[in-house]
Amino acid sequence: MLYLIASVAPMMDWTDHHYRTLARLISKHAWLYTEMIAVDTIVHQKDNLDRFLAFSPEQHPIVLQIGGSNLKHIASATELANPYGYDEINFNCGCPSPKVAGHGCFGVRLMLDPEFVGEAMSVISSNTNSPVTVKCRIGVDDHDSYDELCDFIYKVSSLSPTNHFIIHSRKALLNGISPADNRKIPPLKYEYYFALLRDFPDLKFTINGGINSIDQVNAALHEGAHGVMVGRAAYNNPWSLLGHVDTVVYGVPSSGITRRQVLEKYQAYGDSVLWRDGNKPNVRDVVKPLLGLFHSEPGNGLWKRKADSAFRNCTKLESFFKETLDAIPDFILDSQISERLSGSENPFAGMQDILPPPYDLKEQEVMYV
Ligand SMILES: Cc1cc2nc3c(=O)[nH]c(=O)nc-3n(C[C@H](O)[C@H](O)[C@H](O)COP(=O)(O)O)c2cc1C
């Protein structure tokens, strides 16, 4: 089975085509997930699909994440997406936003209905040539025991060809807290993730949630994770996170690229897409993913202040960079990704000592075999 090792998480409004272009300039190998696209949108916009589904070929390996609860739409959307040639189709069973999990009755709410997810995954699989995966949480509200998580995994993997799950290792609360709070308030329980590796040796699992540095990515892989997915850190600090992925995770020599070279290439991309649809995308839209590129570096604050005022008068990236980049010292712009890793803490140390008791498959086997 083909499975990924390091990936950038699907993030609405963040992992759009612009961000993925930047990410791919920094890492050639990280798997890139799209933002979640609702199947209803794909079906209703079937005459306008490129706007939602097209991507440049350099973005491979790329995964389309879809969300929805209408089986007919799930089938049609997958079929419509198939010609685009995504490397994997991922089904969202983790989003807690009230629009999605409340009113929409999909996202993380689907963890409460594993039979439906099994059916949906079979439908997705029969309408695509790509492998199919599920991204989920470790539970919802009071349905947060390790056994309930295992029941979900067992049922979905028995009822469909799904053999790879991405586990955001905290539960979701459907009590109306914001999606942002749902990414910080419920505690991370990595021990559930590592117990899944023990209890489902025939399946693949990617760990996600709270992984903030390349050292931590490496630590998770050392502890046996099949894949590591990083969200916010890959967006907020793309240079130091993605800059190390190819060498540290995939073992290939560094490309030696500098941030100045990244920006030159990004400028060519940006200027080719600006104003494509009338007044969109504008300079602010295209520059947005770059705003983390100098995270914690000298000149970063000044650069962002200059960017704010340049958004008002620049109509091209070329003039935007002319007006702002003198805030960043040349040695930052011209240095390659540093060899030294940060030596941050290993959040997975000692996990094997606190794993929940093994999942008892017996009852499930009677039902499903
Ligand atoms: C702005 C934002 C948007 C997100 N949108 C999605 C989404 O569309 N689909 C999804 O499965 N998860 C979404 N997530 C959750 C991330 O994929 C990821 O699971 C979560 O941020 C935890 O990983 P991290 O701690 O590395 O950020 C989003 C997260 C953020 C910050």
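Cysteine 95 is buried, because 26 other C-beta atoms lie within 10 Å; a residue counts as buried if 20 or more other C-beta atoms lie within 10 Å of its own, with C-beta atoms placed from the backbone. The model is a predicted one, in which local features need pLDDT of at least 70, side-chain atom pairs count only at pLDDT 80 or more, and totals for chains, interfaces and linings use all residues. Residues are numbered from 1 along each chain as its sequence is written.

UniProt, in an unreviewed entry, places the feature "active site" at Cys95. Its positions are given in the numbering used here, feature names are shortened, and annotations may be inferred rather than shown by experiment. Cysteine 95 sits in the loop that runs between strand S4 (88–93) and helix H5 (98–103). Helices (H or I, at least four residues) and strands (E, at least two) are DSSP runs, numbered from the N terminus. Apart from neighbours within four places in sequence, cysteine 95 is in contact with Met36, Gly67, Val100, Ala101, Gly107 and Val108, contact being C-beta atoms, placed from the backbone, within 7 Å.

Ala, Val, Leu, Ile, Met, Phe, Trp, Tyr, Cys and Pro count as nonpolar, Asp, Glu, Lys and Arg as charged, and the others, Gly among them, as polar.

The chain is divided into domain 1 (6–255) and domain 2 (259–333), with bounds from an automatic or database domain assignment. The domain centres, taken over C-alpha atoms, are 29 Å apart. At the boundary, 12 residues of domain 1 are in contact with 13 residues of domain 2. Helix H1 (17–26), helix H10 (232–236) and helix H11 (238–249) each give two or more residues to the domain 1 side. H1 has the largest share of that side, six residues. The domain 1 side has seven nonpolar, five polar and no charged residues.

In helix H9 (residues 214–222), Ile214, Gln216, Val217 and Ala220 are buried. Seen down the axis of H9, the buried residues fall within an arc of 160°, so they line one face of the helix; the arc is that of the directions from the helix axis to the C-beta atoms. These buried residues pack against strand S1 (6–8), strand S7 (204–208), strand S8 (227–230) and H11. Just after H9, glycine 224 takes a positive phi of about 110°.

Technical notes:
Buried ≥ 20, exposed ≤ 12 C-beta atoms within 10 Å, placed from the backbone. Contact = placed C-beta atoms within 7 Å.
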